[in-house]
Amino acid sequence: TGEWPGTNRLEIACDRGRVVVENGKIHWRRTETTVTHGIKTSRNGLEHPKIWDVEIPITGTATQHVGIVINFVEAILDGKPLIAPAAEGLASVELANAMLLSQFLDKTIDLPMDSAVYECELQARIEESRERRGAKA
């Protein structure tokens with residue numbers, strides 16, 4: 001966020017393709033089947049599912065970081081409602097943690113998630129890590 005000239009790009013790779021938000025456009029390279037299915041059923045591991053490109057229109061404008069800062073100042077000075085309250089930030093951290101827990105346990109995780117289960121799984125991985133084992137030796 002501090003580089004110049006920077007890049008304003010969001011890219012999400014998922015099981016049904018890749019979504020890229022850049023230059024005021026949303027572009028989805030969607031796969032016909034899931035990548036997971038393709039990997040499991042491929043004879044040589046190099047086959048790719050069929051894809052098609054989907055352009056998703058964007059309307060409106062975004063003020064990005066500057067807009068968040070301006071809104072924060074207006075909330076303090078004028079009591080204006082925050083467009084990015086702390087609870088939303090916490091929700092995004094919980095979502096990221098739930099994605100990790102889902103991978104750890106190989107199952108779907110409901111939100112709100114059980115933070116004690118996540119903490120236990122994370123701690124187990126910390127204890128099992130090579131760096132941690134090396135530190136004990």
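How many of the 137 residues of the protein chain count as buried? The share is 12%, where buried means under 20% relative accessible area, exposed means over 50%, and partly exposed is in between (1.4 Å probe, protein chains only).

A quick note before the views: this is a predicted model, in which local features need pLDDT of at least 70 and side-chain atom pairs count only at pLDDT 80 or more, while totals for chains, interfaces and linings use all residues. Residues are numbered from 1 along each chain as its sequence is written, and side-chain values use heavy atoms, with hydrogens and water left out.

View 1. (Helices, H or I with at least four residues, and strands, E with at least two, are DSSP runs numbered from the N terminus; the radius is taken over C-alpha atoms, and the rule is 2.2 Å times the number of residues to the power 0.38.) Along its principal axes, the C-alpha trace spans about 60 × 45 × 35 Å.

View 2. Find Arg30 in strand E3. Arg30 is partly exposed, at 26% relative accessible area. Skip its neighbours within four places in sequence, and Arg30 is in contact (heavy atoms within 4.5 Å) with Arg16, Lys50, Ile51 and Trp52. Take Lys50: this residue is 20 residues from Arg30 along the chain, yet their C-alpha atoms are separated by 8.5 Å.

**View 3. Asn23, in the loop between two strands.** Hop to the loop between strand E2 (17-22) and strand E3 (25-31), and there's Asn23. Its phi is near 55 degrees, a positive value in a residue other than glycine. That's worth a look, because most residues other than glycine have a negative phi. Asn23 is also exposed, with a relative accessible area of 68%.

View 4. Helix H2 covers residues 64-78, which makes 15 residues. From first C-alpha to last, H2 reaches 21 Å, close to the 21 Å expected at 1.5 Å a residue; the expected span is 1.5 Å times one less than the number of residues. Next comes Gly79, with a positive phi near 75 degrees.

View 5. What is phi of Asp106 near? It is near 55 degrees, a positive value in a residue other than glycine. Asp106 sits in the loop between H3 and H4 and is exposed, at 71% relative accessible area. Pro112 is in the loop between H3 and helix H4 (115-128) too. Check the peptide bond from Leu111 to Pro112: it is cis, with omega near -5 degrees. For background, most peptide bonds are trans.

**View 6. Val93 in helix H3.** Val93 is found in helix H3, which runs over residues 86-105. Val93 is partly exposed, with a relative accessible area of 46%. Val93 and Leu111 are 18 residues apart along the chain, and their C-alpha atoms are separated by 12 Å.
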